[in-house]
Amino acid sequence: MLRFAAGRVLGGLRSAAGLKSSQPMVGAMVVRHSHSNETDEEFDKRYEAYFNRPEIDGWEARKAMNDLLGMDLVPEPKIIVSALKACRRLNDYALAVRFLEGVKDKCGDKTNEIYPYLLQEIRPTLTELGIDTPEELGYDQPELALKSVYDMH
């Protein structure tokens with residue numbers, strides 16, 4: 001409502017000033033996605049190529065991981081391997097562990113089915129790079145969790 005009213009006021013001011021807009025004003029904004037017709041293989045290759053760039057920096061790696069984990073999908077093992085290798089090139093161990101935590105979270109209700117498969121597929125890379133999983137580091141168990149008051153006697 002406010003956008004419509006502001007557009008009408010702006011249009012009135014333009015006509016009063018004698019200005020003509022080169023484009024008609026539209027109330028809705030058009031969002032264009034450059035990768036909307038992308039196949040799964042093209043998507044995987046695009047992210048692999050992005051993570052495999054030798055000049056990638058920490059901000060770009062975090063941005064790509066955030067974008068990837070923000071999508072409605074679980075990344076393929078080859079994308080995860082590329083991301084872990086990028087973390088190793090950046091010498092950012094914490095980012096690698098956090099990315100693995102995010103991937104586990106993306107498995108959702110199927111964590112018991114999908115996450116073991118992903119770990120099985122990326123295990124050689126984890127061993128090669130010397131990266132431990134969050135479970136191996138004990139991050140899956142809360143350190144300072146209090147016992148339930150109903151269990152205390």
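User: Which residue just after α4 takes a positive phi?

Analyst: This is a predicted model, so let's go by its backbone as built. Look just past the end of α4 and you'll find a phi of about 60°. The residue there is Asn 91.

User: How does α2 sit relative to α4: roughly parallel or roughly antiparallel?

Analyst: Helix α2 covers residues 40–51 and helix α4 covers residues 77–89, and their axes are 8 Å apart. The angle between the two is about 10°. Angles under 35 degrees count as roughly parallel, so α2 against α4 is roughly parallel.

User: How many charged residues are in the contact of α2 with α4?

Analyst: On the α2 side, the contact residues include Asp 44 and Glu 48, and on the α4 side they include Lys 78 and Arg 89. The rest of the contact, by class, is six nonpolar residues and one polar. The charged count is four.

User: Which helices do the buried residues of α4 pack against?

Analyst: The buried residues of α4 include Ile 79, Ile 80, Val 81 and Leu 84. Take Leu 84: among the residues touching it are Ala 96, Leu 100, Ile 122 and Leu 126. Overall, the buried residues of α4 pack against α2, α3, α5 and α6.

Terms used
Residues numbered from 1 in each chain as written. Predicted model: local features only at pLDDT ≥ 70, side-chain atom pairs only at ≥ 80, totals over all residues. Heavy atoms only, no water. Axes fitted to C-alpha atoms, helices over the stretch in contact; angles between N-to-C directions. Helix = DSSP H or I, 4+ residues; strand = E, 2+ residues; numbered from the N terminus. Parallel < 35°, antiparallel > 145°, perpendicular 65-115°, else oblique. Contact = heavy atoms within 4.5 Å. Nonpolar A, V, L, I, M, F, W, Y, C, P; charged D, E, K, R; others polar. Buried < 20%, exposed > 50% of the residue type's maximum accessible area, 1.4 Å probe, protein only. Lists of a residue's contacts leave out its neighbours within four places in sequence.
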